[in-house]
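Open the model in your viewer and keep the selection panel to hand. The stops below go one at a time.

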Amino acid sequence: MPLHTIVLVKQVPDTSNISGDVMRPDGTVNRARLPAIFNPEDQAALELALRLKDQYGGLVTALTMGPPNAVNMLRECLYMGADRVILVSDRRFAAADTLATSYALHKAIQHIGDYDLIFGGRQAIDGDTAQVGPQTAEKLGITQFTYTQEVLNLDLKQRTIRAKRAIKNGYEILESPLPVLLTVIKDAARPRPFDVRKLCTYKRAQSKFEIQSYVDESHDLITLDQVLEKARADGLYIETWNIEDIDADVSMCGLAGSPTKVHKVENVILSGSEFKQVPASTEGLNEMIGELMQDHIFG
Amino acid sequence: MSNFFTENQDIQFQFKRIDLEEIIRVREHDYTEAAEFPFAPLDYEDAKDNFSRILEVVGDIAGNFVAERAREVDELGSTFADGEVTYAKGLEEDMQRLNQAGLMGFLLERKYGGLNLPISLYIFAVEMVSRGDASLMNLFGLQDISETIEKFASAEIKDEYLPKFSSGAVSGAMVLTEPDAGSDLQAVKTRAYQDDEGNWYLNGVKRFITNGNADVCLVLARSEEGTRDGRGLSLFVCYGDDTVQIRRIEHKLGIKGSPTCEMQFHDTPAQLIGVRKRGLISYVMALMNGARLGVAAQALGIAQAAYVEARRYAQEREQFGKPILNFPAVAEMLIKMKVDLETSRTLIYSTGRAVDMLRISELEMERLKAAGESITDIRAEFKHWKALADFLTPLSKYSISEKANRICYDAIQIHGGTGYMQEFNVERHYRDVRITNIYEGTSQLQVIAAIGGVIKGVADEQFDANELKEYRHEARQLANKLKQIRRLFTKSKTFVLEKEDKAYQELHSAELVDMYGFLYIGYLLLEEATEDSRKMLIAKKYIMDSLATALHHTESITRGFDTLFADVEQILTRE
């Protein structure tokens, strides 16, 4: 079996370029005003996956859950060298928190079938939660390496992977049998440029939504199925899955499946203050936990 | 940093107006390749969309990757030890990146793994790459080598070498010059001989070879024993294997990333390109024409980099309580730089188009011949484009590389003392640009190559038509100035011709080429000005300055001190 790597990717608003009119008076971001980009750490994740493919062969599948226009990012995955891209998109996924997102992603991954590795960015620049990767791994019941900065070795005979994981002031080296889900930091790899031949080929690749609107606007008598079939035959169809396709439970998806509720948004200005040393003993730890609970950081 | 394609408005202007419809239709065989190659365009609109996307990738790599490494590449340079050349690290990374993007078979046909793009687009790419790092152009810009193989070699040789060039698996070197054969390539001594089975081998020493350590060498050698001139030379292709020894690399003023090698061939197995004796007179001339256009684009890229630095510095640097940009002398320097850059683009894209038109008329002629159809019409077209390309290519190389030198010179001037220091990029640009009016034929040789077309009047009909055109408002005044330049040119040319003195013509060729070039570029600028009102300012500055220069040239030709009659020794005798 050739190596199969799945990469979790997300299209995000470009929060690095926030100008005045993007912020709403209530402090939330007007996403429609921001250009959509390929989440930088997901690009690094795709690059790592492609390097493994360069070295060991195999296939790379890029998977995203997002709105229909996330297809633009999936095309970029094809330009970089992904073999297959999948758009999981359905109105009923809207307003998903990390729990509902990881639920949908794990269902989609199960629908894809066999895999050896899953890569994803450490976090997306719009949410900064770093939870979706770990939660997906948990739901799939597989090992996870977070904060991956380098893949050191992949042993396809023994079916193990060894990687370097960034920790504060250093790194640790982890090894695990496959399959493993790895979340990747931005410094792990600089994404490769688009391959111009793939660019000129896959600029024509389309999702079901795009094909549907093409059919709707066409003056010719064509059906969605005809065009889909043609796109599939030409290798230019971007697989588009809805809730039923991945066999997901509607109540676990989108807003319904999201226990996270935003209570209030506040501007917080962080300022450095005193730090406190806690003795490395049971009493010390208990004291620290007590304080954190008192400050409502825990509990 | 920035994308050198999408964020350069002048390049965008030129790209949007470039008309390649006929060129692409022929090169794409009426868009029939899409069935076999999914990345081939379906029609012209689709092709242009591809071009824009491809150049955006080049602009991204040049602006956001290559430019970041250029300073270090210059500092480290490529090095030589134990017979091996090592590229500067950044340069290796640059090449890897260009390869990853699949940009190495730029000009080659798709059946050889190439992108099948015309020269016109290659010029955009070379300018951007050179703006990022001038020395990288000497690796990326050596694609004329594979193009020469594609044009002239046998099917077997093409099948063997071209896919390797397209995939970036091999790099190439153009191995022409020798210690005693620089500008005068007819003096090449490297020997090519055959064994009893007819296999060719090479022996001899070559010098000043850009990227001589390449995997594949295109070598000019003497195949006809006993001959002494260009007619005894043939062109060969060989691998840079163990029989090819790199003896040293040069320590240069600029483009330090690009290794310039002295190399020796020891009975190196080689294959003949095309037919014997045509090496210099046909193939190398074609190869050099392509390379000359590449160098003009390289000069343009370096000059653009220097201009951007100078423009920014003039805005930021304050003296006497205001930005130095506000001083007329500084502003004038920048305006001249900008006008030179934009008018150089006008010239180079017009040249690229002529070269592309020449190429497709060649292809059409071959096709019609093979089909047994009449080639009368196409032959006339071929002749027209050939004459124009043969004039415009050396004109571009000469005028753009000279202007680029001036731009880099002024960029340092604007920086003042700081520009002289290595901490500032203009210092590097100034060193890098210096070779562009020397290699692939000095400016003096370009003038000699261009003067024939000037005397014959290759663009006369075009100028006649332009003079009859109705221009309006400011353009009309400028058109009148161009008429005035033409009268000055005609007066000077007549004066030179009536002298019937070859030496005198050679002495004043540069001035005649200049003036003819003013006319050619001037009329193109008037066209541009009808599409974009800002361009009227560029046209105005260019044409008015050109008129002043034409007056000067004419005075110099018709009434200047004729140094041919002067006692040269007497002038040069004192140290």
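In which hand does H9(B) pass H10(B)? The crossing of H9(B) over H10(B) is left-handed (the near helix is turned anticlockwise from the far one by less than a right angle; clockwise would be right-handed).

Before moving on, note that this is a predicted model, in which local features need pLDDT of at least 70, side-chain atom pairs count only at pLDDT 80 or more, and totals for chains, interfaces and linings use all residues. Residues are numbered from 1 along each chain as its sequence is written, while chains are lettered from A and ligands numbered from 1 in the order in which they are written.

**Stop 1: H9 and H10, chain B**

Select residues 279-316 for H9(B) and 328-370 for H10(B). Helices (H or I, at least four residues) and strands (E, at least two) are DSSP runs, numbered from the N terminus. The axes of H9(B) and H10(B) are 10 Å apart, at an angle of about 155 degrees. Axes are lines fitted to C-alpha atoms, for helices over the stretch in contact, and angles run from 0 to 180 degrees between N-to-C directions. H9(B) and H10(B) are therefore roughly antiparallel (over 145 degrees; under 35 is roughly parallel, 65 to 115 roughly perpendicular, the rest oblique).

Now show the contact residues (C-beta atoms, placed from the backbone, within 7 Å). Among them are Leu293(B) and Tyr307(B) of H9(B), and Met337(B) and Ile348(B) of H10(B). By class, this contact has 14 nonpolar, 4 polar and 3 charged residues. Ala, Val, Leu, Ile, Met, Phe, Trp, Tyr, Cys and Pro count as nonpolar, Asp, Glu, Lys and Arg as charged, and the others, Gly among them, as polar.

**Stop 2**

**Stop 3: Ala510(B)**

Select Ala510(B), in helix H16 (residues 502-531). Why is Ala510(B) partly exposed? Because 19 other C-beta atoms lie within 10 Å (20 or more is buried, 12 or fewer exposed, in between partly exposed; C-beta atoms are placed from the backbone).

**Stop 4: the sheet of chain A**

Switch to chain A, where an open sheet of 10 strands runs E9-E8-E7-E10-E6-E1-E4-E5-E12-E11 with mixed pairing. Strands pair if DSSP finds at least two bridges between them. E6(A) and E10(A) pair in the parallel sense over 5 bridges. Ile118(A) stands opposite Leu181(A).

Terms used:
Two residues are in contact if their C-beta atoms, placed from the backbone, lie within 7 Å.
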